[in-house]
Amino acid sequence: MHSSIRNLLLLVLLLGGSAALAEPASEASVRRLLEVTQARALLQQVQQQAQGMMQGLAQQSLRGKSPTPAQEAAITRMTARMVALIQEQLSWERQEPMYMRLYTQTFSEDEVAGMLAFYETPAGRATIEKMPLVLRQISQESQRSMAEMGAQLKAIQRDFVAEMQAASGKP
């Protein structure tokens with residue numbers, strides 16, 4: 001009995017210890033991975049999408065009405081301030097230290113080497129090039145799905161309110 005517990009503990013220590021012995025990813029390998037995966041360009045695309053969303057929200061706030069010159073100027077100022085904030089917060093200079101920290105904390109040197117080996121193949125390069133399109137399409141389809149679900153949730157809520165009123169005996 002004691003030897004089986006001892007062997008089990010030894011096995012747990014060996015298995016757990018092997019993960020702890022994995023060499024953390026180096027800054028150089030992570031930097032190379034971020035270059036190969038075009039992380040900076042992806043971040044710039046996120047900036048552009050966020051800017052477009054801000055401009056779209058500004059236009060939606062008008063609810064189809066034409067703004068007065070003063071309103072147009074206010075919209076322009078607000079949009080410019082929002083775009084400047086987005087560019088500052090999502091700049092590569094501001095985000096790169098976070099990427100470096102998270103990648104080096106999360107991945108071992110062997111894992112980063114494996115990712116680099118994949119991303120430097122034709123299939124890996126195709127993944128890098130096509131993934132933004134796939135993610136954009138997923139986002140668009142998810143938004144449509146969420147809109148449909150929102151309408152269904154409202155219908156369920158209306159039914160619930162009616163049922164609760166009926167259950168309380170009030171019209």
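Trainee: What does E96 count as: buried, exposed or partly exposed?
Mentor: Partly exposed, because its relative accessibility is 22%, and the class runs between buried, under 20% relative accessible area, and exposed, over 50% (1.4 Å probe, protein chains only). Mind that this is a predicted model, where local features need pLDDT of at least 70, side-chain atom pairs count only at pLDDT 80 or more, and totals for chains, interfaces and linings use all residues. Numbering starts from 1 along each chain as its sequence is written, and side-chain values use heavy atoms, with hydrogens and water left out.

Trainee: Okay, and which helix is E96 in?
Mentor: E96 sits in α5; helices are DSSP runs (H or I, at least four residues), numbered from the N terminus.

Trainee: How far is E96 from L34, C-alpha to C-alpha?
Mentor: 9.2 Å, though 62 residues separate them along the chain.

Trainee: Switching to α3, which of its residues are buried?
Mentor: A39, L43, Q47, A50, Q51, M54 and A58.

Trainee: And what covers those buried residues of α3?
Mentor: The cover includes α2, α4 (69-89) and α5, going by contact, meaning heavy atoms within 4.5 Å.

Trainee: What span does α3 reach?
Mentor: With 23 residues, α3 reaches 33 Å from its first C-alpha to its last, close to the 33 Å expected at 1.5 Å a residue. That expected span is 1.5 Å times one less than the number of residues.

Trainee: What phi does R63 take?
Mentor: A positive one, about 55 degrees, just after α3.

Methods. Helix = DSSP H or I, 4+ residues; strand = E, 2+ residues; numbered from the N terminus.
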